[in-house]
Amino acid sequence: SSIPLGKIVIGEDVIEWDKPVLESHHISLIVPEIENDLSYFQGKVMSGDRLAKSKTTPMMQCKMIDSITYPIARVSQYFNIPVISIGIVGDYCTANYQKALQNLINPLTDKLLAFIQNNLSQLV
């Protein structure tokens, strides 16, 4: 991925990466107008129930890969409840990302919390 570890991300829409495109559900998410555009990145999110071990065509066309947003988006869509997906990039798409993430989990958590607190009025 070209998105660095620790970057704040807001998903604009989400689609399942582990199903053929024609079978996948595409869900648009609510994307707030954040004034602090230097701190985060918006883009299309691919999500699925399994680990992303191969780069499919849809996956290569997306900007982010996520494993949590899709089920939340599906449930919120079913109940017609708006949802915003805000997260923090936790890997470089490398084999040792888990160690890097564990080493940085506290500062990354603080960064995400600060972003939400600073932009809370725009997110609600």
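Modeller: The account below begins with the chain as a whole and then turns to helix α3. The model is a predicted one. Its protein chain has 3 helices and 5 strands, arranged along the sequence as β-β-β-α-β-α-β-α. Of the 124 residues, 33% count as buried. Among contacts between residues at least 6 apart in sequence, 66% join residues at least 24 apart. The accessible surface of the chain is about 8200 Å², and carbon and sulfur atoms account for 56% of that area.

Helix α3 covers residues 97-123.

As to burial, the buried residues of α3 are Leu 108, Leu 112, Phe 115, Asn 119 and Leu 123. An α-helix has 3.6 residues a turn, so residues three or four places apart point the same way. The list of buried positions, from Leu 108 to Leu 123, may be read with that spacing in mind.

One further feature concerns aromatic rings. The structure holds 1 aromatic pair, formed by Tyr 78 and Phe 79 in an edge-to-face arrangement. Their ring centres are 4.9 Å apart, with 90 degrees between the planes. Tyr 78 and Phe 79 are both exposed, whereas Phe 115 of α3 is buried.

Methods. Residues are numbered from 1 along each chain as its sequence is written. This is a predicted model: local features need pLDDT of at least 70, side-chain atom pairs count only at pLDDT 80 or more; totals for chains, interfaces and linings use all residues. Side-chain values use heavy atoms; hydrogens and water are left out. Helices (H or I, at least four residues) and strands (E, at least two) are DSSP runs, numbered from the N terminus. The expected span of a helix is 1.5 Å times one less than its number of residues. Buried means under 20% relative accessible area, exposed over 50%, partly exposed in between (1.4 Å probe, protein chains only). Rings of Phe, Tyr and Trp (its six-membered ring) pair if their centres lie within 6.5 Å; planes under 30 degrees apart count as stacked, over 60 as edge-to-face and the rest as tilted. Contact means heavy atoms within 4.5 Å. Accessible areas come from the Shrake-Rupley method with a 1.4 Å probe; for residues, only the protein chains shown count as cover.
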